[in-house]
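Dear colleague,

I am handing over the structure that we spoke about, and below it you will find my notes on what was found.

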Amino acid sequence: MRQHREFLTFLGIWLVVSAVITPLVLILNPDLPPGRASDDAAGQVVDNDVLTAVALPLFLMVAVFLVYSIVRFRHTGQEIAEGPRLQGHDRLQMVWIAGSVVLVAGLFAYGTWRILEPSASGSGQGPDPLSPAKTVAGKPLLPVQVIGQQWQFTYRYPTSGGLQTPHLVLPVDRPVEFHVTSLDAIHSFWAYQLGVKADANPGVDNVAYVTPTRVGHFDVRCAELCGIWHGYMFDQGEVVTASEFESWIAAQQSFFEPVARYLPKYSETYLPAPARRGG
């Protein structure tokens with residue numbers, strides 16, 4: 001009976017602590033990384049909240065049990081005596097195993113459901129996306145090609161005459177279809193605040209989707225060690241209104257018009273001839 005009382009006491013303390021601390025953590029951290037600048041990023045915040053809500057009570061269970069054991073079962077006498085023999089509890093062990101199976105299976109089902117959404121994971125889906133995005137409020141997808149090279153990213157807009165620019169500007173509330181590739185080494189396109197991260201591999205068209213929902217700047221990094229100047233591959237992109245985006249496209253077309261004829265035609269991948277050959 002004493003063991004049952006001790007267990008119920010510990011269980012009650014753990015439930016109260018979890019019921020108080022878990023909501024406080026979620027409320028006091030409303031914008032976990034990477035923020036809510038896009039549908040993709042907001043989805044990742046939801047996933048982080050779910051994982052926090054699952055993991056925090058388990059952490060608190062271990063912490064409360066440790067503190068409860070130290071306080072409740074501390075040795076206060078002078079003599080050091082061997083403690084009582086401990087035996088297993090079959091019913092408790094079965095509950096623990098069953099709970100673990102349900103928890104892991106539930107997280108597996110949730111993760112599978114989330115990753116099948118068009119832009120839930122924020123990563124590239126290869127040349128044949130498993131869950132392609134659709135139009136949002138009647139706005140068609142805006143294709144943007146991201147080209148990694150040592151050591152910068154450049155961007156092409158196929159629907160704007162194949163315009164290529166070192167700047168990434170996107171219209172707000174319009175779904176974007178990134179086509180990520182590379183000219184040389186393996187890079188990784190990481191638009192942090194948008195929640196997008198897709199590998200840039202030579203000869204591969206890696207497709208990723210996102211819909212920016214807030215006007216403002218976002219950081220672009222290369223997240224794959226790609227050479228001596230890997231740390232130099234950073235830039236800032238910008239999300240603007242639809243009218244500002246159209247004006248920016250027109251200005252970029254005018255600025256780069258003198259060199260536009262030297263660019264190769266738009267293609268999903270590029271394999272330029274090497275500047276120097278061995279032998």
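**Strand pairing and cores**

His 187 stands opposite Ala 200 in strand β7, where strands count as paired if DSSP finds at least two bridges between them. This is a predicted model, in which local features need pLDDT of at least 70 and side-chain atom pairs count only at pLDDT 80 or more, whereas totals for chains, interfaces and linings use all residues. Residues are numbered from 1 along each chain as its sequence is written, and side-chain values use heavy atoms, with hydrogens and water left out.

Strand β6 (residues 187–191) has 4 of its 5 residues buried (under 20% relative accessible area, with a 1.4 Å probe and protein chains only), so the rest of the structure largely encloses it. With β7 (residues 196–200), β6 pairs in the antiparallel sense over 5 bridges, and the two form a hairpin with 4 residues between them, in whose turn Gly 195 has a positive phi of about 75°. β6 also pairs in the antiparallel sense with strand β9 (residues 216–222), over 3 bridges, and there Phe 189 has Cys 222 as its bridge partner.

Phe 189 is also among the residues with the most contacts inside the largest nonpolar core, which has 34 residues; such a core is a set of buried Ala, Val, Leu, Ile, Met, Phe, Trp, Tyr and Cys residues joined through side-chain atoms within 4.5 Å. Helix α4 (residues 242–260) gives the largest share of this core, 4 residues. A second, separate core of 7 residues includes Phe 10, Leu 56, Met 61 and Tyr 68.

With best wishes

Definitions and conventions: Buried < 20%, exposed > 50% of the residue type's maximum accessible area, 1.4 Å probe, protein only.
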